[in-house]
Protein chains: 2
Amino acid sequence: MSQSNEWIDENHLGVRYGLKGKIIHHEKSKFQDIIIVETERYGNALLLNNCWMAAEKLEKHYHECLVHPALCGAKEISNVLIIGGGDGGTARECLRYSKVERLDIVEIDSRVIELAQQFLPKIGGTAWNDPRLNVHIEDGVGWVKKAQELFYDIIIVDGSDPDGPAEGLFNKSFFDRCKHILKPGGIFATQSESPEAFKEIHIETIKIMREIFAYVDPLYGCVPMYPSGWWSWTFAAMDSPRYLTPKSERSSNIIDQCKIWSPRWQQGGFNAIPAFIERELAS
Amino acid sequence: MSQSNEWIDENHLGVRYGLKGKIIHHEKSKFQDIIIVETERYGNALLLNNCWMAAEKLEKHYHECLVHPALCGAKEISNVLIIGGGDGGTARECLRYSKVERLDIVEIDSRVIELAQQFLPKIGGTAWNDPRLNVHIEDGVGWVKKAQELFYDIIIVDGSDPDGPAEGLFNKSFFDRCKHILKPGGIFATQSESPEAFKEIHIETIKIMREIFAYVDPLYGCVPMYPSGWWSWTFAAMDSPRYLTPKSERSSNIIDQCKIWSPRWQQGGFNAIPAFIERELAS
């Protein structure tokens, strides 16, 4: 471990994104390689299998966009499930809604949670001590198999890229099982990769979701530390595309604390589908 | 110059974006440092003063978004001015409209044009041989000073960051002069930097433009090779925010050849203003 700052990079298909900083922790957990970097620009940051996941000052770009279209759109939001999300940011955004009564986080790797609490505590913030939060160290695929039918109002998949421990979170049987444990009026949300750096996975994810759910739409935005900086989240529902329209009684309570998200931003993000993706989804 | 591929990076505030490739040309022109890289992922690419400008396979993300809201929205589009734009991509997109009768490119550095024609010929494509195109190797600031009042239907500023030769293209007297040479029903368009990596310049540019033009709105999108990947273009007009609404008789002729832009994408991009920028612009 160097004491002076160096470049730490994520490499992907002949492109690299680096942050200047110092590695302050490095371990191999049972599931993945975990690095914590103290970066010059964005505070402490987390890498899993050499992919940037989150940084203290660069995480709302991702978490707000994954959470609020779902939480502002569902009929009810009493019971929320997060699969993955070990850094705590998704839980933090969900728990800003007083109507959330129970939040289950199902994270496969306890070390991600422990290291996030130790090195990036601001990302989870008060969520970690919220009595509504239940942390389960388990495989998300197994969790949805055994969960009660029609139990959750919201299911959020906040996993890493589908070539590591998150592999099982991008396929038809997983989405189908999620549909069954979702209540009527509920919303399913997942990060759905970059339309540029992971174009094939992005398109395939949406197409498979459209085989399972009645309404499925991708939302586009920017997460500068992820490959290409261009990112997407995809939302699904059975009774209507209710994720498109935030309920104002919910959004008005959270908008002042948001960095990126607003009802207007969200409307933009759902329309900002690039022409080449729109064509491929139509074919 | 190395014969095997290496990483070539743009560094900005403790963040770097690198492409793997080979430097195939490097010179210092009268105005700037110019590098051409043969990249693995995006074909040949151009760096000015160590900043990525364009690559053969990664340039529509920028050029389409700068051009089409202006060309689809203005009352007439007979006379078009591009300031900068030496790689030819903005000219190419403009010349797709048969109603464009005269296109002036005013580029300060002849070497950018010559090297783009030699190493990235696909970006300009047939534009370089189009009889409607007039290339002027001059300073854009001087050009707008001497141009005839109410002459142009469209003025597009396609310059680099405002700390090199493009410095004079981001201030009040320049915008004011552009307003005077713009016809009624015309549209002024400029790239307006990243809301993340160049937040202050981005906000300042919009605020200054709002002192000059009656209607000014930023459009947001993604250009993966620019700092943070999150980019903006800002459009201005005097009679109405006519850049918001593409004329269908024009858009229908170009949409099939667009990679990113569509009327829907554009509507999204104008709404996708992040909450923190919206707050700062309102203050």
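Predicted model: local features only at pLDDT ≥ 70, side-chain atom pairs only at ≥ 80, totals over all residues.
**Where the axis passes**

**How the two chains meet**
- The contact brings together 37 residues of chain B and 37 residues of chain A.
- On the chain B side, strand E2 (15-28), helix H9 (263-271) and helix H10 (275-282) each supply at least two residues.
- H9(B) gives the largest share of that side, seven residues.
- By class, the side of chain B that touches chain A holds 19 nonpolar, ten polar and eight charged residues.
- The copies meet through the same surface, because 100% of the interface residues of chain B are also interface residues in chain A.

**Strand pairing across the chains**
- E2(A) and E2(B) run antiparallel and are joined by five bridges.
- Within E2(B), B:Gly18 stands opposite A:Arg16.

**Two domains in chain A**
- Chain A is assigned domain 1 (6-55) and domain 2 (60-282), and their C-alpha centres lie 23 Å apart.
- Their contact takes 21 residues from domain 1 of chain A and 19 residues from domain 2 of chain A.
- On the domain 1 side, strands E2 (15-28), E3 (33-39), E4 (43-48) and E5 (51-55) of chain A each supply at least two residues.
- That side of domain 1 of chain A has 14 nonpolar, six polar and one charged residues.

How values were computed. Residues numbered from 1 in each chain as written. Chains lettered and ligands numbered in written order. Domains from an automatic or database assignment. Contact = placed C-beta atoms within 7 Å. Helix = DSSP H or I, 4+ residues; strand = E, 2+ residues; numbered from the N terminus. Nonpolar A, V, L, I, M, F, W, Y, C, P; charged D, E, K, R; others polar. Pairing = 2+ DSSP bridges.
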